[in-house]
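Here is a note for a colleague who is new to reading structures. Please keep the model open while going through the points.

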Amino acid sequence: MCGRYAASRRPEDLAGIFGIEKWEPEETLEPDFNVAPTKEVYAVLDRALKDVPDPRPVRQLRKLKWGLVPSWSKTPEGGARMINARAETVHEKPSYRRAFSSRRCILPADGYYEWVTGKEERDLEVEGRKKRPRKQPYFVTPADGSVFAMAGLYEFWRDRTLPDDHPLAWWVTCSVITTEAESSPLAVAPADGPHALAEIHPRMPLMLTPDRWDAWLDPARTDVDELRELLAPPPAGLMRAYPVATAVSNVRNNGPELLKELTAPEEGTLF
């Protein structure tokens, strides 16, 4: 799954990486080293601009709220629970299928955090059953230092309790698509720890390699079968993972020190 990630790149850096044509300075976010559900996050998307004669989609950097609220929801209360959409079923779930067809985005990150659990607890989680509290946090990031481009969806929700001209009348929310964690060896693995992402957690965010960005963002692509082909996992051996301090477990902690690699897992944690 993806329940926490780091996103420290500035808009101008993201503009160069993704070929952004439009972003609003007032939507600038501070670097966030502990992004949690319901926070505002950057999303890259292709969408036509309003009130302009050119109808073509424009590559934009937008500020969205993490936790998707379907357009048909009566209230936004379930958004905090809809932070992840499974790649295997995203095309058929009522909450996601319309967005999957035409409102896809990329959520740029440095990498994501995951808390390793023992094998028995991981098996229980795969079965959808309760597990023990999380243990040692690891940070997972591309080994070459490139952006971690997470596949995402976005949706619009209208708050009918507010007038049309209210700045909060429309919510734009998003969700991260997840897939099965890689069982192949990590490009760089800790000496005393897991050697594959599947040893940390059974799920991971779906990372899109640059060759898929344009196709994924293109709103003209609506064929479900063709879109599902873009959900294939990236090539193996692109990731590294390393232990970080348990301070990241508290969402109030935020700063580049959270990404500092530990020489070994903290005492009393797994691995």
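**Strand 11 and its partners**

1. Strand 5 and strand 11 run parallel and are joined by 2 bridges. Strands here are DSSP runs of E of at least two residues, helices are DSSP runs of H or I of at least four residues, and both are numbered from the N terminus. Two strands count as paired if DSSP finds at least two bridges between them. In this pairing, Lys-65 is the residue opposite Thr-173 of strand 11.

2. A word on the source: this is a predicted model, in which local features need pLDDT of at least 70 and side-chain atom pairs count only at pLDDT 80 or more, while totals for chains, interfaces and linings use all residues. Residues are numbered from 1 along each chain as its sequence is written, and side-chain values use heavy atoms, with hydrogens and water left out.

3. Strand 11 also runs parallel to strand 6, with 3 bridges between them, and Ala-85 faces Ile-177 of strand 11. Strands of a sheet pair through backbone hydrogen bonds, and the pairing may be parallel or antiparallel.

4. How many of the 11 residues of strand 11 are buried? The count is 8, so strand 11 is largely enclosed by the rest of the structure. Buried means under 20% relative accessible area, exposed means over 50%, and partly exposed lies in between (1.4 Å probe, protein chains only).

5. An open sheet is formed by 5 strands in the order 3-1-8-9-13, with antiparallel pairing. Strand 3 (32–35) and strand 13 (239–243) are at the edges; each has a single partner strand, so one side of each is left without a neighbour in the sheet. On average, neighbouring strands of this sheet are turned by 25° against each other, direction ignored. The angles are taken between N-to-C directions and run from 0 to 180 degrees, with axes being lines fitted to C-alpha atoms, for helices over the stretch in contact.

6. Strand 1 (residues 5–7) is joined to strand 3 by 2 bridges in the antiparallel sense, and Ala-7 has Asp-32 of strand 3 as its bridge partner.

**Salt bridges**

7. The whole structure has 12 salt bridges. A salt bridge is a side-chain nitrogen of Lys or Arg within 4 Å of a carboxyl oxygen of Asp or Glu. One of them joins Arg-103 and Glu-155 at 3.0 Å, N to O. This pair links distant parts of the chain, 52 residues apart: Arg-103 is in the loop between helix 2 and strand 7 (104–109), and Glu-155 is in strand 10 (residues 148–158). Arg-103 is buried at 14% relative accessibility, and Glu-155 is buried at 4%.

8. Arg-203 and Glu-88 form another salt bridge, their closest N and O atoms being 2.9 Å apart. They too lie in distant parts of the chain, 115 residues apart, with Arg-203 in strand 12 (residues 203–205) and Glu-88 in the loop between strand 6 (84–86) and helix 2 (97–102). Arg-203 is buried at 9%, whereas Glu-88 is partly exposed at 31%.

9. Asp-54 and Arg-56 also form a salt bridge, with closest N and O atoms 3.0 Å apart. Asp-54 is partly exposed at 38%, and Arg-56 is partly exposed at 39%.

**The largest pocket**

10. The largest pocket holds about 770 Å³ of space. Of its 25 lining residues, Glu-27, Arg-62, Phe-156, Trp-170 and Val-172 are the closest to its centre. Strand 5 contributes the most to the lining, with 6 residues. A pocket is an open set of points on a 1 Å grid over the protein atoms alone, where a 1.4 Å probe fits, with protein on both sides within 12 Å along at least five of seven lines; lining residues have an atom within 4 Å of a point. Points are joined across faces, edges and corners, and the volume is the space filled by probe spheres set on them.
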